[in-house]
Amino acid sequence: SPSSHSAFSSPVELVEFIARLRELSGGLPVGIKMCVGQPGEFAAFCKAITEVGVGPDFITVDGGEGGTGAAPPEFSDSIGLPLEEGLVLVRNMLIGADLRDKVKLIASGRITSGFSVTRSLALGADVTNSARGFMMSLGCIQALKCNSNKCPTGIATTNADLMHGLCPKDKAVRVYNYHDRTVQSAVEIVGAMGHESMDGVTGNDIMRRVRTNQVRTLSEHFPSLPAGSLIAGTAPERMQMAWDSSSSHRPSSCNRWIY
């Protein structure tokens with residue numbers, strides 16, 4: 001993605017651009033996709049939503065571990081917060097700004113199994129996206145040729161000779177089976193937790209070993225903020241500092257990495 005956009009240059013302008021897109025589309029849902037960087041930048045976006053009075057219908061949080069074969073390797077390996085930390089930061093900022101009930105959260109970034117789906121829901125996602133898993137089920141071999149039009153499997157190319165190697169009739173069955181069994185696995189995990197639906201999954205349902213002799217729940221590992229606490233000025237110090245130092249009209253100067 002480009003480092004800047006000609007349509008907007010500040011969080012407020014971004015929010016206004018979203019509102020304009022929604023108007024031009026006749027009211028269709030409009031959202032943004034982002035890999036979280038500096039916490040203060042997302043805090044500034046939340047402030048802009050509050051000030052302007054409109055915002056995205058959904059936010060897709062992509063983990064730093066995501067990316068396509070077209071992405072620069074250094075970006076895929078080293079840029080952006082991992083999905084768990086990025087998702088929790090966005091979730092907590094929205095809760096602290098009293099915006100969580102107005103925006104749907106979508107999690108994306110190496111979600112390839114039933115457990116990764118369940119874990120993302122437990123961390124606050126409403127929906128999960130999967131790209132890598134479906135590409136692999138389609139036959140992707142991660143040749144890293146996505147942007148060259150020379151994908152050897154015929155998936156990411158318009159070259160007729162290479163496309164000939166991709167048989168839709170055969171691959172459709174593989175993609176269907178992958179989707180069906182991944183969803184089935186997620187449902188079985190949720191049932192094993194004692195829930196009747198995905199809505200019941202919380203961070204208290206999943207445990208994580210944090211030390212040799214210590215296990216914590218995801219809720220303990222990634223605690224949630226009280227609703228509206230950022231606006232009230234009562235959020236944990238580091239989160240509050242990111243919020244207080246951010247501006248909806250310029251990038252934030254707060255460069256600390258926090259959850």
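In which sense do strands E3 and E4 pair, and over how many bridges?

The model is a predicted one, in which local features need pLDDT of at least 70 and side-chain atom pairs count only at pLDDT 80 or more, while totals for chains, interfaces and linings use all residues. Residues are numbered from 1 along each chain as its sequence is written, and side-chain values use heavy atoms, with hydrogens and water left out.

Now the answer. E3 and strand E4, residues 127-128, run parallel to each other and are joined over two bridges. Strands here are DSSP runs of type E with at least two residues, helices are runs of H or I with at least four, and both are numbered from the N terminus. Two strands are said to pair if DSSP finds at least two bridges between them. Within this pairing, isoleucine 106 has valine 127 of E4 as its bridge partner.

On another pairing of E3, strand E2, residues 58-62, is parallel to E3 over five bridges. Here valine 61 is bridged to alanine 107 of E3. The whole sheet is open, with four parallel strands in the order E1-E2-E3-E4. Its edges are E1, residues 31-34, and E4, each of which pairs on one side only.

How many of the five residues of E3 are buried? Four of them are, and the strand, residues 104-108, is thus described as mostly covered. Buried means under 20% relative accessible area, exposed means over 50%, and partly exposed lies in between, with a 1.4 Å probe and protein chains only.

Let me turn to the helices around this sheet. E3, helix H5 (residues 114-122) and E4 make up a right-handed β-α-β unit. Right-handed means that, with the strands pointing away from the viewer, the path from the first strand over the helix to the second runs clockwise. Helix H4 lies across E2 and E3 and runs at about 170° to E3. Axes are lines fitted to C-alpha atoms, for helices over the stretch in contact, and angles run from 0 to 180 degrees between N-to-C directions.

H4, residues 83-96, also meets helix H2, residues 39-52: their axes come within 10 Å and cross at roughly 35°. Pro39, Phe42, Ala43 and Cys46 of H2 make this contact with Leu89, Val90, Met93 and Leu94 of H4; contact means heavy atoms within 4.5 Å. The residues involved comprise eight nonpolar, no polar and no charged. In this classification Ala, Val, Leu, Ile, Met, Phe, Trp, Tyr, Cys and Pro are nonpolar, Asp, Glu, Lys and Arg are charged, and the others, Gly among them, are polar.

I close with individual residues. Serine 10 lies in the segment before helix H1, residues 11-24, and counts as buried because its relative accessibility is 10%. Leaving aside neighbours within four places in sequence, serine 10 contacts Ser248, His249 and Arg250. Serine 246, in the segment after helix H11 (237-245), is buried too, at 6% relative accessibility. Methionine 135, by contrast, lies in helix H6, residues 132-138, and counts as partly exposed because its relative accessibility is 32%. Not counting residues up to four places away in sequence, methionine 135 touches Cys140 and Ile155.
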